Amino acid sequence: MSLSIRNQLPGTVTAVTPGEVMATVRVRLTGGQPLTAAITREAADALGLAPGTAVRALVKSTEVSLATAPVEGLSIRNRLPGTVKDIATGDAMASVRVTVEGGELTAAITRDAADDLALSAGTRVVALIKSTEVSLAAE
């Protein structure tokens, strides 16, 4: 199966915390970074997720935000430090490729945001991803 989701990060489940409807799943990405996914309990059960399960974390590029400085007081759990690899800009939007430990992410942001952040190759950034925007696929 091919997917249009650009960000597909391999990792291993380290913990599953089931709730009545939702579950939080902690994943250690191949690069060593922690990532949290909030998925339905039904999905976690159907995928057989447990510590040690190999998974792929899937995140649409439109769900990746970028910051150029540390962000405090924010509920977003997933914060992956990286470096801008390259940026392609159009009239309204920009596609920013970011190198992170063990892989690469793409963020689709407005051109205004890319300009305001003065993004260019080599800029240090933090990719911010809400746990509810992370889907998981079992390997």
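Two strands pair if DSSP finds at least two bridges between them. Strands (E, at least two residues) and helices (H or I, at least four) are DSSP runs, numbered from the N terminus. The model is predicted: local features need pLDDT of at least 70, side-chain atom pairs count only at pLDDT 80 or more, and totals for chains, interfaces and linings use all residues. Residues are numbered from 1 along each chain as its sequence is written, and side-chain values use heavy atoms, with hydrogens and water left out.

**View 1. Strand 7 beside strand 8.** Strand 7 (residues 93-100) runs antiparallel to strand 8, joined to it by eight bridges. Met93 has Thr110 of strand 8 as its bridge partner.

**View 2. Leu119 in its loop.** This loop links helix 2 (111-116) and strand 9 (124-129). Leu119 is buried, at a relative accessible area of 10% (buried: under 20%; exposed: over 50%; partly exposed in between; 1.4 Å probe, protein chains only). Beyond its neighbours within four places in sequence, Leu119 contacts residues including Leu66, Val96 and Ile109 (contact: heavy atoms within 4.5 Å).

**View 3. Ser61 in the loop between strand 4 (54-59) and strand 5.** Ser61 is buried, with a relative accessible area of 12%. Leaving aside neighbours within four places in sequence, its contacts are Arg6, Asn7, Thr106, Ala107 and Ala108.
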